[in-house]
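Let's take a friendly walk through this protein together.

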Amino acid sequence: MTARHSGNGHAAPIRDSIAIAKIVDEIVARVGDRPDALMPLLHAVQERLGYIPADAVPEIARALNLSRAEVHGVISFYHDFRTAPAGRSIIRVCRAESCQAMGAVELAAHIQKRLGIEFGQSSADGEYTLEPVYCLGNCACSPAIVIGADIHGRVTPDRFDEIFSALSPRSGASK
């Protein structure tokens with residue numbers, strides 16, 4: 001069983017606990033059940049499903065002979081793991097020192113207000129997920145953001161609005 005794809009590169013979320021258990025078992029068989037298999041297993045589940053559903057936590061814990069708390073602790077500690085499906089477009093805002101010195105804090109506040117979400121959240125319509133990153137390697141063009149695979153430098157709130165409006169015809173109407 002594989003995740004259904006929505007046509008934009010992201011898997012449609014699987015919410016059936018039996019299907020999730022089967023997927024976890026398949027990944028455990030491939031990754032192994034060693035004590036050090038938790039991180040590769042979590043990455044594989046997220047790669048396969050697009051996120052780590054709550055129903056997967058007890059299955060992962062069972063497969064690796066860990067407590068649910070241990071598995072949840074690792075998922076919640078590392079910001080790379082998602083516990084909910086991501087939006088169709090992921091917007092990443094650099095939070096490193098160079099970008100902060102050049103206006104990323106104000107830019108982030110503007111983006112959060114524009115999208116109506118905080119970092120780590122997705123818009124209600126499932127279109128956008130907002131994520132912080134801690135260096136995009138574009139320091140000479142701070143502040144920087146990434147939308148999908150496209151990096152943008154020297155982004156001001158006005159410049160973000162231009163970029164955002166070009167993403168979707170209806171996004172420009174929601175200023």
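Leaving aside its neighbours within four places in sequence, which residues is isoleucine 52 in contact with? Keep in mind as you look that this is a predicted model. The partners of isoleucine 52 are Leu42, Val45, Gln46, Ile60, Ile75, Phe81, Arg82 and Thr83.

Several of those names come back when we turn to the nonpolar interior. The largest nonpolar core has 24 residues, and the members that touch the most others are Leu42, Val45, Ile52, Ile60 and Val71. Which elements give two or more residues to this core? They are helix H1 (17–31), helix H2 (38–49), helix H3 (56–64) and H4. There is also a second, separate core, made of 15 residues, with Ile91, Ile111, Tyr128 and Leu130 among them.

Now follow the contact from isoleucine 52 to arginine 82. Arginine 82 sits in the loop that runs between helix H4 (68–77) and strand S1 (89–94). Is arginine 82 buried or exposed? Its relative accessibility is 17%, and because the limit for buried is under 20%, arginine 82 counts as buried. If residues up to four places away in sequence are not counted, arginine 82 touches Gln46, Gly50, Tyr51, Ile52, Ile90, Arg92 and Glu131. With glutamate 131, the link is a polar contact between the two side chains, at 2.6 Å.

For a contrast, move on to alanine 140, which is found in the loop between strand S2 (128–133) and strand S3 (145–147). Here the relative accessibility is 69%, so alanine 140 counts as exposed, the cut-off for that class being over 50%.

Finally, step back to the chain as a whole. Its secondary structure consists of seven helices and four strands, and from the N terminus on their order is α-α-α-α-β-α-α-β-β-β-α. The chain has 175 residues, and 42% of them count as buried. Taking contacts between residues at least 6 apart in sequence, 57% join residues at least 24 apart. The accessible surface comes to about 9,600 Å², with 53% of that area belonging to carbon and sulfur atoms.

How values were computed. Residues numbered from 1 in each chain as written. Predicted model: local features only at pLDDT ≥ 70, side-chain atom pairs only at ≥ 80, totals over all residues. Heavy atoms only, no water. Buried < 20%, exposed > 50% of the residue type's maximum accessible area, 1.4 Å probe, protein only. Contact = heavy atoms within 4.5 Å. Areas by Shrake-Rupley, 256 points an atom, 1.4 Å probe, with all protein chains shown as cover. Polar contact = N/O pair within 3.5 Å; in protein donor to acceptor, adjacent residues only side chain to side chain. Core = buried A, V, L, I, M, F, W, Y, C linked by side-chain atoms within 4.5 Å.
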